[in-house]
Amino acid sequence: MLNPAALGIPSGLESVALACARELAAEGMPGKALRRLFVRLVETPAFFTDHPVLGRLAAMLQSRSAPGRNFSDPVPEPGHSAPWRAFGEGLDAGAREQMNHGCSLPVAVAGALMPDAHMGYGLPIGGVLAVENAVIPYGVGMDIACRMRMTVYAEDPGMLHVRADDLAEALERETRFGVGAAFHHPRNHPVMTEDWDFSPVTRKMKDTAWKQLGTSGSGNHFVEWGVLDGPRGLGELGPGRYLALLSHSGSRGAGGEVARHYSALARAMRPGLPKGLAHLAWLGLDTDEGREYWAAMQLMGRYSAANHALIHAAVSGSLGLCAAWSVENHHNFAWEEVHGGQRVIVHRKGATPAGAGVLGVIPGTMIHPAFVVEGLGNPLSLESAAHGAGRAMSRQEAARRFRRRDMEEVLRRAGVRLLSAGVDEAPMAYKDIRTVMAAQRELVRIRGTFTPRIVKMAG
(Lines give C-alpha, C1' and ligand atoms only; values in the text may rest on other atoms or scores of the structure.)
Protein backbone atom coordinates (compact mmCIF):
# COMPACT_ATOMS: atom_id res chain seq x y z
CA MET A 1 0.00 0.00 0.00
CA LEU A 2 1.04 3.59 -0.62
CA ASN A 3 3.26 5.23 2.02
CA PRO A 4 2.07 8.87 2.02
CA ALA A 5 4.93 10.24 4.15
CA ALA A 6 7.57 8.68 1.87
CA LEU A 7 5.96 10.41 -1.11
CA GLY A 8 5.98 13.83 0.56
CA ILE A 9 2.36 14.00 1.77
CA PRO A 10 2.41 16.38 4.78
CA SER A 11 1.52 15.21 8.27
CA GLY A 12 -2.22 15.36 8.85
CA LEU A 13 -3.15 14.59 5.24
CA GLU A 14 -2.16 10.92 5.25
CA SER A 15 -5.71 9.63 5.79
CA VAL A 16 -7.01 11.73 2.91
CA ALA A 17 -4.20 10.50 0.63
CA LEU A 18 -4.84 6.87 1.56
CA ALA A 19 -8.57 7.25 0.87
CA CYS A 20 -7.75 8.65 -2.58
CA ALA A 21 -5.27 5.85 -3.22
CA ARG A 22 -7.83 3.20 -2.28
CA GLU A 23 -10.37 4.69 -4.66
CA LEU A 24 -7.88 4.82 -7.56
CA ALA A 25 -6.68 1.29 -6.85
CA ALA A 26 -10.29 0.08 -6.88
CA GLU A 27 -10.61 1.60 -10.35
CA GLY A 28 -7.69 -0.58 -11.48
CA MET A 29 -4.68 1.75 -11.26
CA PRO A 30 -1.49 -0.30 -10.54
CA GLY A 31 0.79 0.51 -7.60
CA LYS A 32 3.68 1.99 -9.59
CA ALA A 33 1.37 4.31 -11.51
CA LEU A 34 -0.23 5.36 -8.23
CA ARG A 35 3.13 6.31 -6.73
CA ARG A 36 4.15 8.30 -9.83
CA LEU A 37 0.80 10.09 -9.78
CA PHE A 38 1.17 11.08 -6.10
CA VAL A 39 4.73 12.33 -6.68
CA ARG A 40 3.42 14.63 -9.42
CA LEU A 41 0.52 15.67 -7.19
CA VAL A 42 2.88 16.77 -4.39
CA GLU A 43 5.12 18.63 -6.85
CA THR A 44 2.33 20.47 -8.72
CA PRO A 45 -0.98 20.26 -6.84
CA ALA A 46 -2.48 23.08 -8.96
CA PHE A 47 -2.61 20.69 -11.94
CA PHE A 48 -4.91 18.32 -10.04
CA THR A 49 -7.55 20.62 -8.51
CA ASP A 50 -10.19 19.46 -11.03
CA HIS A 51 -9.29 15.78 -10.73
CA PRO A 52 -12.41 13.75 -9.77
CA VAL A 53 -10.55 11.80 -7.06
CA LEU A 54 -7.50 13.90 -6.17
CA GLY A 55 -9.11 17.33 -6.40
CA ARG A 56 -9.82 17.71 -2.69
CA LEU A 57 -6.33 16.54 -1.67
CA ALA A 58 -4.78 18.87 -4.27
CA ALA A 59 -6.71 21.82 -2.83
CA MET A 60 -5.54 20.88 0.67
CA LEU A 61 -1.92 20.73 -0.49
CA GLN A 62 -2.26 24.14 -2.14
CA SER A 63 -3.88 25.51 1.02
CA ARG A 64 -0.94 24.24 3.08
CA SER A 65 1.47 26.32 1.04
CA ALA A 66 -0.70 29.43 0.72
CA PRO A 67 0.04 32.18 3.29
CA GLY A 68 -2.79 32.71 5.75
CA ARG A 69 -4.81 29.78 4.39
CA ASN A 70 -3.20 26.88 6.26
CA PHE A 71 -4.74 24.01 8.09
CA SER A 72 -4.06 24.16 11.79
CA ASP A 73 -0.91 22.68 13.20
CA PRO A 74 -1.38 19.15 14.51
CA VAL A 75 -2.11 18.65 18.20
CA PRO A 76 0.72 16.42 19.36
CA GLU A 77 -0.69 15.27 22.70
CA PRO A 78 -3.14 12.59 21.47
CA GLY A 79 -0.76 11.56 18.69
CA HIS A 80 -3.23 12.24 15.89
CA SER A 81 -4.50 15.30 14.07
CA ALA A 82 -6.87 15.44 11.15
CA PRO A 83 -6.45 18.41 8.78
CA TRP A 84 -8.83 21.32 9.08
CA ARG A 85 -9.36 24.65 7.39
CA ALA A 86 -10.57 27.98 8.81
CA PHE A 87 -12.59 30.44 6.73
CA GLY A 88 -12.59 34.10 7.73
CA GLU A 89 -10.20 36.36 9.58
CA GLY A 90 -9.71 36.98 13.30
CA LEU A 91 -11.65 33.93 14.43
CA ASP A 92 -12.08 33.38 18.15
CA ALA A 93 -9.01 31.68 19.66
CA GLY A 94 -11.20 29.50 21.87
CA ALA A 95 -13.09 28.23 18.83
CA ARG A 96 -9.83 27.40 17.09
CA GLU A 97 -8.62 25.51 20.16
CA GLN A 98 -11.87 23.52 20.25
CA MET A 99 -11.42 22.70 16.58
CA ASN A 100 -7.90 21.45 17.33
CA HIS A 101 -9.31 19.24 20.05
CA GLY A 102 -11.97 17.82 17.75
CA CYS A 103 -9.44 17.02 15.05
CA SER A 104 -7.20 15.30 17.59
CA LEU A 105 -9.77 12.55 18.23
CA PRO A 106 -8.70 9.12 16.95
CA VAL A 107 -11.91 8.90 14.90
CA ALA A 108 -11.40 12.34 13.24
CA VAL A 109 -10.83 12.50 9.47
CA ALA A 110 -11.08 16.22 8.56
CA GLY A 111 -12.64 19.46 9.76
CA ALA A 112 -13.48 23.05 8.93
CA LEU A 113 -14.27 26.22 10.87
CA MET A 114 -16.85 28.64 9.49
CA PRO A 115 -16.51 32.46 9.52
CA ASP A 116 -19.31 32.86 12.10
CA ALA A 117 -17.50 30.60 14.58
CA HIS A 118 -17.40 31.10 18.35
CA MET A 119 -16.92 28.83 21.35
CA GLY A 120 -19.46 26.17 22.23
CA TYR A 121 -19.43 22.91 24.19
CA GLY A 122 -17.30 20.22 22.59
CA LEU A 123 -17.14 21.49 19.02
CA PRO A 124 -17.31 25.24 18.51
CA ILE A 125 -20.41 26.82 17.01
CA GLY A 126 -19.50 26.94 13.33
CA GLY A 127 -17.41 23.78 13.62
CA VAL A 128 -17.56 21.00 11.03
CA LEU A 129 -16.00 17.64 11.81
CA ALA A 130 -15.91 14.45 9.74
CA VAL A 131 -15.30 11.25 11.69
CA GLU A 132 -15.17 7.56 10.88
CA ASN A 133 -18.02 5.24 11.95
CA ALA A 134 -18.95 7.31 15.01
CA VAL A 135 -21.20 10.12 16.14
CA ILE A 136 -20.42 12.79 18.77
CA PRO A 137 -23.58 13.98 20.58
CA TYR A 138 -22.00 17.31 21.56
CA GLY A 139 -20.63 17.56 18.02
CA VAL A 140 -24.27 17.74 16.98
CA GLY A 141 -25.25 20.05 19.83
CA MET A 142 -28.08 20.61 22.27
CA ASP A 143 -30.69 21.94 19.85
CA ILE A 144 -30.65 18.97 17.49
CA ALA A 145 -31.64 19.80 13.90
CA CYS A 146 -32.12 23.51 14.55
CA ARG A 147 -33.65 24.67 11.29
CA MET A 148 -34.33 27.60 8.96
CA ARG A 149 -37.43 27.80 6.77
CA MET A 150 -38.53 30.52 4.37
CA THR A 151 -41.92 30.69 2.67
CA VAL A 152 -42.33 33.17 -0.19
CA TYR A 153 -45.69 34.53 -1.35
CA ALA A 154 -46.61 36.01 -4.73
CA GLU A 155 -47.76 39.11 -2.86
CA ASP A 156 -46.75 42.75 -3.10
CA PRO A 157 -44.47 43.42 -0.10
CA GLY A 158 -46.41 46.65 0.35
CA MET A 159 -48.65 44.38 2.41
CA LEU A 160 -46.09 44.85 5.20
CA HIS A 161 -47.39 48.42 5.53
CA VAL A 162 -51.02 48.06 4.48
CA ARG A 163 -51.69 45.04 6.71
CA ALA A 164 -48.88 45.42 9.24
CA ASP A 165 -51.16 44.88 12.25
CA ASP A 166 -52.69 41.75 10.70
CA LEU A 167 -49.27 40.28 9.98
CA ALA A 168 -48.06 41.05 13.50
CA GLU A 169 -51.21 39.60 15.06
CA ALA A 170 -50.76 36.37 13.08
CA LEU A 171 -47.31 35.90 14.64
CA GLU A 172 -48.62 36.64 18.12
CA ARG A 173 -51.59 34.29 17.76
CA GLU A 174 -50.10 31.37 15.84
CA THR A 175 -46.67 30.98 17.46
CA ARG A 176 -45.28 30.44 20.97
CA PHE A 177 -41.76 31.20 22.20
CA GLY A 178 -39.50 30.36 25.11
CA VAL A 179 -38.42 27.52 27.38
CA GLY A 180 -41.42 25.30 28.05
CA ALA A 181 -43.66 27.13 25.56
CA ALA A 182 -46.53 24.91 24.45
CA PHE A 183 -50.08 24.98 23.08
CA HIS A 184 -53.03 24.15 25.35
CA HIS A 185 -54.56 22.25 22.44
CA PRO A 186 -51.67 20.36 20.82
CA ARG A 187 -51.35 20.49 17.05
CA ASN A 188 -51.16 17.39 14.90
CA HIS A 189 -48.52 16.16 12.49
CA PRO A 190 -47.65 12.66 11.18
CA VAL A 191 -44.30 12.80 13.02
CA MET A 192 -46.20 12.12 16.24
CA THR A 193 -47.54 8.81 14.87
CA GLU A 194 -44.00 7.49 14.35
CA ASP A 195 -42.27 5.12 16.77
CA TRP A 196 -41.00 7.13 19.76
CA ASP A 197 -40.52 4.05 21.97
CA PHE A 198 -37.14 2.83 20.65
CA SER A 199 -35.29 5.09 23.12
CA PRO A 200 -36.09 5.78 26.79
CA VAL A 201 -35.58 9.51 26.16
CA THR A 202 -37.88 9.89 23.17
CA ARG A 203 -40.48 7.70 24.90
CA LYS A 204 -40.38 9.92 28.00
CA MET A 205 -40.48 13.17 25.98
CA LYS A 206 -43.20 12.30 23.48
CA ASP A 207 -46.06 14.03 25.32
CA THR A 208 -43.98 17.17 25.85
CA ALA A 209 -42.92 17.13 22.21
CA TRP A 210 -46.55 16.92 21.11
CA LYS A 211 -47.54 19.94 23.21
CA GLN A 212 -44.59 21.90 21.80
CA LEU A 213 -45.33 21.14 18.14
CA GLY A 214 -45.39 24.40 16.20
CA THR A 215 -43.48 26.40 18.83
CA SER A 216 -40.03 27.96 19.04
CA GLY A 217 -37.39 28.12 21.75
CA SER A 218 -35.63 31.03 23.41
CA GLY A 219 -32.33 32.69 22.49
CA ASN A 220 -31.88 33.40 18.80
CA HIS A 221 -35.00 31.60 17.57
CA PHE A 222 -37.43 33.81 15.66
CA VAL A 223 -40.31 34.09 13.23
CA GLU A 224 -40.35 37.21 11.08
CA TRP A 225 -41.96 38.88 8.09
CA GLY A 226 -39.85 40.62 5.50
CA VAL A 227 -39.09 41.29 1.86
CA LEU A 228 -37.24 38.89 -0.43
CA ASP A 229 -35.36 40.73 -3.18
CA GLY A 230 -33.91 39.51 -6.45
CA PRO A 231 -34.42 35.75 -6.49
CA ARG A 232 -33.06 34.09 -9.62
CA GLY A 233 -34.30 30.69 -10.68
CA LEU A 234 -36.00 29.90 -7.37
CA GLY A 235 -38.94 27.72 -8.36
CA GLU A 236 -41.20 29.74 -10.61
CA LEU A 237 -40.25 33.05 -9.00
CA GLY A 238 -38.87 35.63 -11.38
CA PRO A 239 -36.67 38.59 -10.38
CA GLY A 240 -38.59 40.98 -8.18
CA ARG A 241 -39.65 41.70 -4.61
CA TYR A 242 -41.86 39.35 -2.61
CA LEU A 243 -43.47 39.07 0.81
CA ALA A 244 -41.74 36.29 2.78
CA LEU A 245 -41.94 34.56 6.16
CA LEU A 246 -38.72 33.30 7.80
CA SER A 247 -38.41 31.10 10.89
CA HIS A 248 -35.56 29.70 12.97
CA SER A 249 -36.27 26.98 15.53
CA GLY A 250 -35.26 23.44 16.47
CA SER A 251 -36.32 20.29 18.27
CA ARG A 252 -37.35 22.01 21.51
CA GLY A 253 -37.33 20.20 24.86
CA ALA A 254 -37.24 16.72 23.34
CA GLY A 255 -34.08 17.49 21.38
CA GLY A 256 -32.40 18.95 24.46
CA GLU A 257 -33.14 15.82 26.50
CA VAL A 258 -31.84 13.55 23.73
CA ALA A 259 -28.62 15.58 23.65
CA ARG A 260 -28.16 15.49 27.44
CA HIS A 261 -28.84 11.79 27.79
CA TYR A 262 -26.56 10.55 25.03
CA SER A 263 -23.78 13.05 25.77
CA ALA A 264 -23.65 11.76 29.35
CA LEU A 265 -23.72 8.19 28.05
CA ALA A 266 -20.85 8.87 25.64
CA ARG A 267 -18.74 10.45 28.42
CA ALA A 268 -19.40 7.48 30.70
CA MET A 269 -18.24 5.13 27.95
CA ARG A 270 -15.01 7.12 27.36
CA PRO A 271 -13.74 7.81 30.91
CA GLY A 272 -10.12 8.08 29.82
CA LEU A 273 -10.55 11.18 27.65
CA PRO A 274 -8.56 14.25 28.80
CA LYS A 275 -10.62 17.02 30.41
CA GLY A 276 -10.43 19.19 27.30
CA LEU A 277 -11.92 16.42 25.19
CA ALA A 278 -14.63 15.15 27.55
CA HIS A 279 -17.44 16.90 25.68
CA LEU A 280 -16.20 15.27 22.46
CA ALA A 281 -16.90 11.74 23.65
CA TRP A 282 -18.25 9.67 20.78
CA LEU A 283 -20.52 6.69 20.28
CA GLY A 284 -19.52 4.06 17.75
CA LEU A 285 -22.14 3.48 15.08
CA ASP A 286 -21.41 -0.24 15.40
CA THR A 287 -22.74 -0.15 18.99
CA ASP A 288 -26.33 -0.29 20.24
CA GLU A 289 -25.88 3.08 21.96
CA GLY A 290 -24.58 4.74 18.81
CA ARG A 291 -27.36 3.34 16.64
CA GLU A 292 -29.96 4.39 19.20
CA TYR A 293 -28.66 7.97 19.32
CA TRP A 294 -28.51 8.09 15.52
CA ALA A 295 -32.19 7.04 15.30
CA ALA A 296 -33.14 9.62 17.96
CA MET A 297 -31.24 12.35 16.11
CA GLN A 298 -33.03 11.49 12.86
CA LEU A 299 -36.40 11.60 14.64
CA MET A 300 -35.54 15.01 16.09
CA GLY A 301 -34.71 16.17 12.55
CA ARG A 302 -38.17 15.20 11.34
CA TYR A 303 -39.75 16.72 14.44
CA SER A 304 -37.94 20.02 13.89
CA ALA A 305 -39.12 20.11 10.27
CA ALA A 306 -42.66 19.47 11.51
CA ASN A 307 -42.43 22.45 13.88
CA HIS A 308 -41.61 24.77 10.99
CA ALA A 309 -44.24 23.26 8.70
CA LEU A 310 -46.93 23.88 11.34
CA ILE A 311 -45.76 27.42 12.11
CA HIS A 312 -45.81 28.39 8.44
CA ALA A 313 -49.13 26.66 7.74
CA ALA A 314 -50.83 28.29 10.74
CA VAL A 315 -49.52 31.80 10.05
CA SER A 316 -50.22 31.59 6.31
CA GLY A 317 -53.66 30.06 6.81
CA SER A 318 -54.76 32.67 9.31
CA LEU A 319 -54.11 35.36 6.69
CA GLY A 320 -55.42 33.47 3.67
CA LEU A 321 -51.97 33.40 2.02
CA CYS A 322 -50.78 30.66 -0.35
CA ALA A 323 -47.10 29.81 -0.63
CA ALA A 324 -45.44 30.32 -4.00
CA TRP A 325 -42.08 28.78 -3.01
CA SER A 326 -40.22 27.64 0.09
CA VAL A 327 -36.74 26.56 1.15
CA GLU A 328 -35.37 25.06 4.35
CA ASN A 329 -32.16 23.67 5.79
CA HIS A 330 -30.88 22.65 9.18
CA HIS A 331 -27.71 22.68 11.25
CA ASN A 332 -26.75 20.94 14.53
CA PHE A 333 -26.89 17.56 12.86
CA ALA A 334 -24.71 14.73 11.56
CA TRP A 335 -24.87 13.38 8.01
CA GLU A 336 -23.42 10.26 6.43
CA GLU A 337 -21.49 11.48 3.35
CA VAL A 338 -18.56 10.61 1.12
CA HIS A 339 -15.56 12.98 1.15
CA GLY A 340 -12.22 12.27 -0.45
CA GLY A 341 -13.50 8.85 -1.44
CA GLN A 342 -14.16 7.92 2.18
CA ARG A 343 -17.56 7.39 3.80
CA VAL A 344 -17.66 9.57 6.92
CA ILE A 345 -20.07 11.11 9.43
CA VAL A 346 -20.02 14.90 9.05
CA HIS A 347 -21.06 16.92 12.11
CA ARG A 348 -22.20 20.47 11.34
CA LYS A 349 -22.62 22.26 14.65
CA GLY A 350 -23.94 25.69 13.75
CA ALA A 351 -23.00 25.15 10.11
CA THR A 352 -25.15 24.84 6.98
CA PRO A 353 -24.93 22.09 4.35
CA ALA A 354 -23.54 23.66 1.15
CA GLY A 355 -23.21 20.86 -1.37
CA ALA A 356 -23.11 21.84 -5.04
CA GLY A 357 -26.52 23.24 -6.00
CA VAL A 358 -28.00 22.82 -2.51
CA LEU A 359 -30.22 25.76 -1.52
CA GLY A 360 -30.46 27.14 2.01
CA VAL A 361 -30.93 30.24 4.15
CA ILE A 362 -28.25 32.05 6.17
CA PRO A 363 -29.77 34.68 8.51
CA GLY A 364 -28.31 37.90 9.86
CA THR A 365 -29.93 39.69 12.83
CA MET A 366 -33.31 41.24 13.53
CA ILE A 367 -32.27 44.30 11.47
CA HIS A 368 -29.73 42.80 9.05
CA PRO A 369 -30.46 40.73 5.95
CA ALA A 370 -30.73 36.99 5.57
CA PHE A 371 -29.57 35.37 2.34
CA VAL A 372 -30.97 32.59 0.20
CA VAL A 373 -27.82 30.80 -0.95
CA GLU A 374 -26.74 28.04 -3.30
CA GLY A 375 -23.93 25.76 -2.16
CA LEU A 376 -20.79 25.48 -4.26
CA GLY A 377 -19.71 22.08 -2.92
CA ASN A 378 -16.28 23.22 -1.74
CA PRO A 379 -14.41 20.14 -0.46
CA LEU A 380 -12.19 22.23 1.85
CA SER A 381 -15.22 23.16 3.96
CA LEU A 382 -16.61 19.62 3.75
CA GLU A 383 -19.34 21.21 1.62
CA SER A 384 -20.46 23.46 4.49
CA ALA A 385 -21.09 27.16 5.14
CA ALA A 386 -21.87 29.46 8.07
CA HIS A 387 -25.30 29.19 9.67
CA GLY A 388 -25.67 32.89 10.49
CA ALA A 389 -23.85 36.04 11.53
CA GLY A 390 -22.39 34.46 14.67
CA ARG A 391 -22.14 36.13 18.05
CA ALA A 392 -19.52 38.79 18.62
CA MET A 393 -20.09 38.65 22.38
CA SER A 394 -21.74 36.36 24.90
CA ARG A 395 -25.33 36.81 26.01
CA GLN A 396 -24.14 37.86 29.46
CA GLU A 397 -21.89 40.55 28.00
CA ALA A 398 -24.65 41.81 25.70
CA ALA A 399 -27.07 42.07 28.64
CA ARG A 400 -24.46 44.07 30.58
CA ARG A 401 -23.54 46.40 27.75
CA PHE A 402 -26.90 47.23 26.19
CA ARG A 403 -30.20 48.62 27.41
CA ARG A 404 -33.63 48.30 25.87
CA ARG A 405 -33.43 51.88 24.60
CA ASP A 406 -30.21 51.06 22.73
CA MET A 407 -31.99 48.27 20.86
CA GLU A 408 -35.09 50.35 20.22
CA GLU A 409 -32.99 53.07 18.61
CA VAL A 410 -31.30 50.73 16.11
CA LEU A 411 -34.68 49.14 15.34
CA ARG A 412 -36.22 52.56 14.70
CA ARG A 413 -33.41 53.50 12.32
CA ALA A 414 -33.75 50.20 10.48
CA GLY A 415 -37.54 50.44 10.20
CA VAL A 416 -38.10 47.11 11.98
CA ARG A 417 -41.11 46.43 14.20
CA LEU A 418 -40.10 44.17 17.10
CA LEU A 419 -42.89 42.29 18.87
CA SER A 420 -40.66 40.70 21.53
CA ALA A 421 -37.02 39.78 22.15
CA GLY A 422 -34.39 39.84 24.88
CA VAL A 423 -31.66 42.49 24.98
CA ASP A 424 -29.11 39.67 24.68
CA GLU A 425 -30.31 39.37 21.06
CA ALA A 426 -29.50 43.00 20.25
CA PRO A 427 -28.09 43.28 16.70
CA MET A 428 -24.92 44.86 18.13
CA ALA A 429 -24.10 41.54 19.86
CA TYR A 430 -23.51 39.87 16.48
CA LYS A 431 -20.85 39.91 13.79
CA ASP A 432 -21.45 41.75 10.54
CA ILE A 433 -23.34 39.29 8.34
CA ARG A 434 -21.96 40.88 5.16
CA THR A 435 -18.40 40.30 6.39
CA VAL A 436 -19.31 36.68 7.11
CA MET A 437 -20.78 36.26 3.63
CA ALA A 438 -17.70 37.83 2.03
CA ALA A 439 -15.51 35.31 3.86
CA GLN A 440 -17.39 32.41 2.31
CA ARG A 441 -17.56 33.38 -1.35
CA GLU A 442 -15.84 30.06 -2.06
CA LEU A 443 -18.61 28.18 -0.25
CA VAL A 444 -21.95 29.67 -1.40
CA ARG A 445 -23.39 32.10 -3.92
CA ILE A 446 -26.20 34.49 -2.99
CA ARG A 447 -29.48 33.90 -4.83
CA GLY A 448 -31.76 36.27 -2.90
CA THR A 449 -31.71 38.80 -0.04
CA PHE A 450 -34.33 38.91 2.71
CA THR A 451 -34.83 42.10 4.75
CA PRO A 452 -36.70 41.69 8.09
CA ARG A 453 -39.58 44.04 8.87
CA ILE A 454 -41.75 42.47 11.64
CA VAL A 455 -39.88 40.27 14.13
CA LYS A 456 -40.95 38.05 17.01
CA MET A 457 -38.56 36.28 19.40
CA ALA A 458 -38.74 35.05 22.99
CA GLY A 459 -39.26 37.93 25.41
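Tutor: Quick note on terms before we start: the domain bounds here come from an automatic or database domain assignment. Keep in mind, too, that this is a predicted model. For the protein chain, that assignment gives domain 1 as 1-65 and domain 2 as 146-457. Their C-alpha centres sit 38 Å apart. Where they touch, domain 1 puts in 7 residues and domain 2 puts in 7 residues. How much area is buried between domain 1 and domain 2? It comes to about 610 Å², with carbon and sulfur atoms giving 64% of that. As for salt bridges between domain 1 and domain 2, the count is 0.

Searching the whole structure turns up 1 cavity of 30 Å³ or more, and the volume of the largest cavity is about 30 Å³. Its lining is made up of P137, Y138, S263, A266, R267, A278, H279 and A281. Two elements each give two or more residues to that lining, namely α5 (137-140) and α9 (252-269). Of the elements, α9 contributes the most, with 3 residues.

Notes
Residues numbered from 1 in each chain as written. Predicted model: local features only at pLDDT ≥ 70, side-chain atom pairs only at ≥ 80, totals over all residues. Heavy atoms only, no water. 1 Å grid on protein atoms, 1.4 Å probe; cavity = no way out; pocket = protein on both sides within 12 Å on 5 of 7 lines; lining within 4 Å. Points joined across faces, edges and corners; volume = space filled by probe spheres on them. Helix = DSSP H or I, 4+ residues; strand = E, 2+ residues; numbered from the N terminus. Contact = heavy atoms within 4.5 Å. Buried area = accessible area lost by both parts, 1.4 Å probe. Salt bridge = Lys/Arg side-chain N within 4 Å of Asp/Glu carboxyl O.
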